[in-house]
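Dear colleague,

Please find the structure below, handed over for your use. My notes on what was found in it come after.

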Amino acid sequence: MALFRLQCDFRCFVPQTPHDENCDETKMGTGFLAIVPGFGKAILTAHHVVSNAVLIKATTPERPDVEAEILEIVGYNPHLDVALLRPTPALLDLPAFPLGESATLAPQRKVSVLGFAGGDIQKHITTGTVSGRHEYPHNRVRTDAAVNPGNSGGPVIVDGRVVGVVTSGMDHMQGTNFFVSIDEARLAFARILR
């Protein structure tokens, strides 16, 4: 299945001062190819990975010798922290992750998290369990699977199907990390596409 290492470039903007490239920034994240009803193949990721980026580049271990592809944002939902990106024609023939259901996720359910921790070029897979739901204010599912910077936007997998999108981890509470359920992400994408 196609997993992407996303490199997002940001321009520094300070009012009343000339542009200084030394304060420009690059963030790394993860995205994955899935079939979104009403759209077709799309790259899903976390909103905070691509928010305000001036350039989004994707590479994949599936094609290590291919240049980075430039992606464009189709839409996003900042509250859920999900974004939909348009894959380039060169990426459309890659295999998509199948989407599952997340309504039945319960504590102690085993999950796997895929991503590019630390922006590494090698894919990382960690496992853990669902530890509960965090309903307010952000409607997230908690997991103790390891999540590091660079994992944001990666898929959370149960039985080979995507049940969530990684959104965040807590530095001061090791082993407490969050993902948005794929059921809620599907609703957000349907609204975006309308």
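This is a predicted model: local features need pLDDT of at least 70, side-chain atom pairs count only at pLDDT 80 or more; totals for chains, interfaces and linings use all residues.

Residues are numbered from 1 along each chain as its sequence is written, and side-chain values use heavy atoms, with hydrogens and water left out.

Six strands close into a barrel in the order β7-β8-β9-β12-β11-β10, with antiparallel pairing. From one strand to the next, the twist averages 45°. Helices (H or I, at least four residues) and strands (E, at least two) are DSSP runs, numbered from the N terminus, and two strands pair if DSSP finds at least two bridges between them. Strand β11 (residues 161-169) and strand β12 (residues 177-181) run antiparallel and are joined by five bridges. Ser168 has Phe178 of β12 as its bridge partner. Across β11 and β12 lies helix α2 (residues 182-193), which runs at about 50° to β12. For such angles, axes are lines fitted to C-alpha atoms, for helices over the stretch in contact, and the values run from 0 to 180 degrees between N-to-C directions.

Salt bridges

Side chains of opposite charge can pair when their charged atoms come close. The structure holds five salt bridges, each being a side-chain nitrogen of Lys or Arg within 4 Å of a carboxyl oxygen of Asp or Glu. Arg186 forms one with Glu101, where the closest N and O atoms are 4.0 Å apart. This pair links distant parts of the chain, since Arg186 is in helix α2 and Glu101 is in the loop between β6 and β7, 85 residues apart. Arg186 also meets Asp183 in a salt bridge of 3.5 Å, N to O. Asp183 and Arg186 are three residues apart in helix α2, so about one helical turn separates them.

Accessibility is classed as buried (under 20% relative accessible area), exposed (over 50%) or partly exposed (in between), with a 1.4 Å probe and protein chains only. Arg186 counts as partly exposed because its relative accessibility is 25%, whereas Glu101, at 57%, is exposed.

A further salt bridge joins Arg109 and Asp159, with the closest N and O atoms 2.8 Å apart. Arg109 lies in the loop between β6 and β7 and Asp159 in the loop between β10 (155-158) and β11, so the pair ties together parts that are 50 residues apart in sequence. Arg109 is partly exposed at 33%, and Asp159 is exposed at 68%.

Two buried residues

Thr88 is placed in the loop between β6 (82-86) and β7 (110-115). With 12% relative accessibility, Thr88 counts as buried. Its side chain makes a polar contact of 2.7 Å with that of Glu69; a polar contact is a pair of N or O atoms within 3.5 Å, where, within protein, one must be able to donate a hydrogen and the other to accept it, and residues adjacent in sequence count only if both atoms are side-chain atoms. Beyond its neighbours within four places in sequence, Thr88 is in contact (heavy atoms within 4.5 Å) with Glu69, Ile70 and Leu71.

Leu3 lies in strand β1 (residues 3-10) and counts as buried at 2% relative accessibility. Not counting residues up to four places away in sequence, Leu3 touches residues including Phe32, Phe97, Leu114 and Pro155.

Yours sincerely
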